[in-house]
Amino acid sequence: MTNNAADTFENSTDHASYLRARETSEKIEAALAKDPSQFRVLTGDRPTGHLHIGHYFGSLHNRVRLQRSGVETWLVIADYQVTTDRDGVGPIKERVYSLLADYLAAGIDPSTATIFVHSAVPPLNQLMLPFLSLVTESELHRNPTVKAELEAATGRTMTGLMLTYPVHQTADILFCKANLVPVGKDQLPHLEQARVIADRFESHYGHPEGSDSPIFPRPYGLLSESDTILGLDGAKMSKSRHNTIELRMDADETARLIRKAVTDSERFITYDPENRPEVSNLLTIAALCQNRPAEEIAAEIGNGGGGMLKKVVTESLNEYLAEHRARRVELEKDPAQLQNILHEGIERANAVADSTLAEVREAMRMVY
Ligand code: TRP
């Protein structure tokens with residue numbers, strides 16, 4: 001989603017429900033540490049561009065951590081969702097494969113994780129029909145994230161897909177019976193909608209014959225812990241502002257972009273997010289890469305000023321991303337292998353979606 005949308009959501013959201021979601025997240029982290037096998041993760045991205053360091057530190061890193069801890073992982077490359085806020089799909093094939101390359105380079109393991117595009121999984125999309133019957137128009141219109149995204153897409157009127165994509169996203173999550181969705185807080189209203197749909201499906205159609213548990217689990221959000229990083233101009237990071245560093249960029253391009261980053265006129269470097277957001281943001285990036293406190297890095301730079309700060313950030317980031325980038329280059333040399341991985345994921349997703357849809361049709365007595 002866009003950053004404006006995040007702002008609006010932040011202002012209008014019910015703070016109490018955010019705090020509840022935080023609390024739930026913490027409980028889930030504790031349960032995960034004990035027994036990861038009780039969870040199945042589904043999450044995903046819209047292929048609207050290339051992944052950047054904000055995605056890496058905000059979500060990709062966490063997904064890899066979850067998978068490595070033993071949680072079964074499903075990743076949707078949400079191609080149909082691209083058209084919610086724009087006309088047309090852009091260079092979608094290139095973007096889908098770029099996402100896939102970043103997932104794999106980051107450490108997602110396709111032998112246990114399932115990566116798919118939802119347009120290639122018809123039975124997943126068919127779940128949208130029964131699910132749509134379980135939501136009201138006013139619920140759809142009340143979703144704060146949808147409202148904010150529409151506002152951010154200046155001048156656009158609401159399309160049927162924009163209004164209903166949270167229901168489609170529910171199908172993304174529930175077709176594989178995922179109960180854990182690592183997301184940013186903008187996605188919390190969608191998860192609430194997904195739980196409502198799962199509840200109503202159960203109360204309308206009951207349990208599968210001979211079973212005392214419902215077809216669909218209730219999915220919960222796992223909020224990411226890490227600080228959000230800003231763009232290199234100190235504004236929110238966004239593709240359209242060209243203030244990001246994409247994972248696919250090389251070391252030289254990274255250096256060039258960081259050289260142009262905004263700092264301030266005070267030479268002595270300190271970590272002070274309130275009063276020195278740009279400098280502090282650069283320190284945060286270095287801190288995430290070096291896995292130590294930003295204050296410590298600031299103290300080391302001290303009188304070295306903006307020039308030294310940029311040098312440290314460039315070196316930290318390039319070193320941190322070096323392996324990722326090398327793996328990415330290797331992966332892109334073999335498009336046939338990438339295609340195989342995606343096709344295998346699509347096949348697995350179809351098999352699971354077929355079986356869930358069969359259960360749904362059975363529950364709805366639509367077996368003839
Ligand atoms: N809407 C999500 C985003 O913009 C992407 C997405 C699509 C997703 N389907 C999903 C996220 C299912 C979590 C679960 O980031």
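**Close-up views of a predicted model**

**View 1. Helix H4 meets helix H14 through Ser98, Ala101, Asp102, Leu104, Ala105 and Ala106 on the H4 side and His324, Arg327, Arg328, Leu331 and Glu332 on the H14 side.** Here, contact means heavy atoms within 4.5 Å. Sort the residues of this contact and you get five nonpolar, two polar and four charged. (Ala, Val, Leu, Ile, Met, Phe, Trp, Tyr, Cys and Pro count as nonpolar, Asp, Glu, Lys and Arg as charged, and the others, Gly among them, as polar.) This is a predicted model, so local features need pLDDT of at least 70 and side-chain atom pairs count only at pLDDT 80 or more, while totals for chains, interfaces and linings use all residues. Residues are numbered from 1 along each chain as its sequence is written, and side-chain values use heavy atoms, with hydrogens and water left out.

**View 2. Here's how H4 and H14 cross.** Two packed helices are described by the angle between their axes and the distance between the axes. For H4 (residues 92–106) and H14, the axes come within 9 Å and cross at roughly 130°. Axes are lines fitted to C-alpha atoms, for helices over the stretch in contact, and angles run from 0 to 180 degrees between N-to-C directions. H4 and H14 are therefore oblique to each other. (Angles under 35 degrees count as roughly parallel, over 145 as roughly antiparallel, 65 to 115 as roughly perpendicular and the rest as oblique.) H4 passes H14 in a right-handed crossing. A crossing is left-handed if the near helix is turned anticlockwise from the far one by less than a right angle, and right-handed if clockwise.

**View 3. Helix H12 (residues 277–290) packs on helix H14 (residues 305–332) at an angle of about 35°.** Their axes are 9 Å apart, and the crossing of H12 over H14 is left-handed. From H12, Val279, Leu282, Leu283, Ile285, Ala286, Leu288, Cys289 and Gln290 take part, and from H14 their partners are Leu309, Val312, Val313, Ser316, Leu317 and Tyr320.

**View 4. Thr164 sits in helix H9 (residues 160–174).** Helices (H or I, at least four residues) and strands (E, at least two) are DSSP runs, numbered from the N terminus. Is Thr164 buried or exposed? Thr164 counts as buried because its relative accessibility is 12%. (Buried means under 20% relative accessible area, exposed over 50%, partly exposed in between, with a 1.4 Å probe and protein chains only.) Skip the neighbours within four places in sequence, and Thr164 is in contact with Met128, Leu132 and Leu140.

View 5. Lys177 lies in the loop between H9 and strand S4 (180–183), and at 25% relative accessibility Lys177 is partly exposed. His242 belongs to the loop between strand S5 (220–223) and helix H11 (251–259). With 67% relative accessibility, His242 counts as exposed.

**View 6. The chain is divided into domain 1 (10–226 + 335–363) and domain 2 (251–332).** These bounds come from an automatic or database domain assignment. The C-alpha centres of the two domains are 32 Å apart, and their contact takes 13 residues from domain 1 and eleven residues from domain 2. Now find His343, in helix H15 (residues 335–363). His343 and Val313 are 30 residues apart in sequence and 38 Å apart in space, C-alpha to C-alpha. His343 is partly exposed, at 40% relative accessibility.
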